[in-house]
Amino acid sequence: MTVTTLLKRFDAGHQGALARAISWVENGNPEAGELLDALHARTGSAQRTGITGPPGAGKSTLVDALASHWAAAGRKLGLLAVDPSSPFSGGALLGDRIRMDRASGEHGVFVRSMATRGSLGGLALATGAAADLMDAFGFEEILLETVGVGQAEIDIAAATDVCVVVLTPQSGDGVQAMKAGLMEAADLFVVNKADQGGADLLCGELEQMLDFRPADAIRPPVLKSTASKAVGIAEIATAIDELRAHSAADGRAETRRHERKLARTRRVFVEILRAALWSEHGLEQLAQSQLDSGARPDRVAQKLASDLINRFHQDGEQQ
């Protein structure tokens, strides 16, 4: 299929064309860039909400309930579920489309799963482009659910307008969560599975943790939910809308969107360099050779990077 043909179907509102476009981006189709360039001017209207948290917190159930709530209110929305990928096949493991059956089945919500493919932040590198395609398609709301990355470095906050961190008292998240980097990303905390007990204790722990934030910092709300029964979903939706309104009023929304574009540019830039230098220019083979000679891994990395930077400077001076 040509770019022109795909654009015509995309413009006609065929969700199959959107799915094909996302596949082009995810698989690195050479024509994906031309497609994204053609649609770029249409982006910027959709609200992007990130849902993240540790495994077992019920993120997919909450996303399904929230999407159903918004869809029932007439909002047009799509979901991007970013799954951990298999280190062997590269394929996604969780299959979020299966778990988000109510939103997609009853309300016709567009749902797409993507694999992280090794991204430590819990977001696939193609997620930003996929969200842009959904934005250009006309969705008002885009929900991004990421793999529960625990204390690994995350970038969900930089990719969304509002970041919701989902926790549950049953998985021992309390003390551990306070140490996790994802806590810094939260615009809103949701203690899910609140009907199983322990929710009030975790809410109290979160509130105490927030007391240590700087006095001028925005304090994230802490809410409870039982997503499997749709309890607390309306309150979460209202809180997200209020956060957006406050962020737009004081200019933080625009600042965050600029930061999002820069962060995405940096991530893609680094990944392109990594792939090109490590694989295509033989750094992997050079590293393996030095390791086989008994060199320390950290020292090998430092020397490779130093040699590369020096070569870059020398080439620049010669020009």
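Q: Why is phenylalanine 137 called buried?
A: Buried means under 20% relative accessible area, exposed means over 50%, and partly exposed lies in between, with a 1.4 Å probe and protein chains only. Phenylalanine 137 has a relative accessible area of 10%, so this residue counts as buried. This is a predicted model, in which local features need pLDDT of at least 70 and side-chain atom pairs count only at pLDDT 80 or more, while totals for chains, interfaces and linings use all residues. Residues are numbered from 1 along each chain as its sequence is written, and side-chain values use heavy atoms, with hydrogens and water left out.

Q: What makes H7 mostly covered?
A: Helices here are DSSP runs of H or I with at least four residues, strands are runs of E with at least two, and both are numbered from the N terminus. Of the 11 residues of H7, 11 are buried, among them Thr127, Asp132, Asp135 and Phe137. Just after H7, glycine 138 takes a positive phi of about 110 degrees.

Q: What makes phenylalanine 10 and phenylalanine 137 an aromatic pair, and which kind of pair is it?
A: Rings of Phe, Tyr and Trp (for Trp, its six-membered ring) pair if their centres lie within 6.5 Å, and planes under 30 degrees apart count as stacked, over 60 as edge-to-face and the rest as tilted. By this rule the count comes to three aromatic pairs. For phenylalanine 10 and phenylalanine 137, the distance is 5.1 Å centre to centre and the planes are 80 degrees apart, an edge-to-face pair. The pair links distant parts of the chain, since phenylalanine 10 is in helix H1 (residues 3-11) and phenylalanine 137 is in helix H7 (residues 127-137), 127 residues apart.

Q: Why is the pair of phenylalanine 137 and phenylalanine 139 called tilted?
A: The two ring centres are 5.6 Å apart and the planes stand at 35 degrees, so the pair is tilted. Phenylalanine 139 has a relative accessible area of 3% and is therefore buried. Ring pairs link Phe10, Phe110, Phe137 and Phe139 into a cluster.

Q: Why are H1 and H2 called oblique to each other?
A: Axes are lines fitted to C-alpha atoms, for helices over the stretch in contact, and angles run from 0 to 180 degrees between N-to-C directions. Angles under 35 degrees count as roughly parallel, over 145 as roughly antiparallel, 65 to 115 as roughly perpendicular and the rest as oblique. The axes of H1 and H2 come within 8 Å and cross at roughly 135 degrees, and the two helices are therefore oblique. Where contact means heavy atoms within 4.5 Å, Val3, Leu6, Arg9 and Phe10 of H1 meet Ala17, Leu18, Arg20, Ala21 and Trp24 of H2.

Q: What makes H2 and H3 oblique as well?
A: Helix H2 (residues 15-27) and helix H3 (residues 32-39) pack at an angle of about 125 degrees, with their axes 9 Å apart, and they are therefore oblique to each other. The residues that meet are Ala21, Trp24 and Val25 in H2 and Ala32, Leu35 and Leu36 in H3. Ala, Val, Leu, Ile, Met, Phe, Trp, Tyr, Cys and Pro count as nonpolar, Asp, Glu, Lys and Arg as charged, and the others, Gly among them, as polar. By class, the contact of H2 with H3 has six nonpolar, no polar and no charged residues.

Q: Why is lysine 193 called partly exposed?
A: Lysine 193 has a relative accessible area of 27%, so this residue is partly exposed. Lysine 193 is found in the loop between strand S6 (188-191) and helix H10 (199-210), and has a positive phi of about 60 degrees although it is not a glycine.

Q: How do you know that serine 225 is buried?
A: Serine 225 has a relative accessible area of 2% and therefore counts as buried. The residues that serine 225 touches, not counting those up to four places away in sequence, include Leu62, Val190, Lys193 and Ile236.
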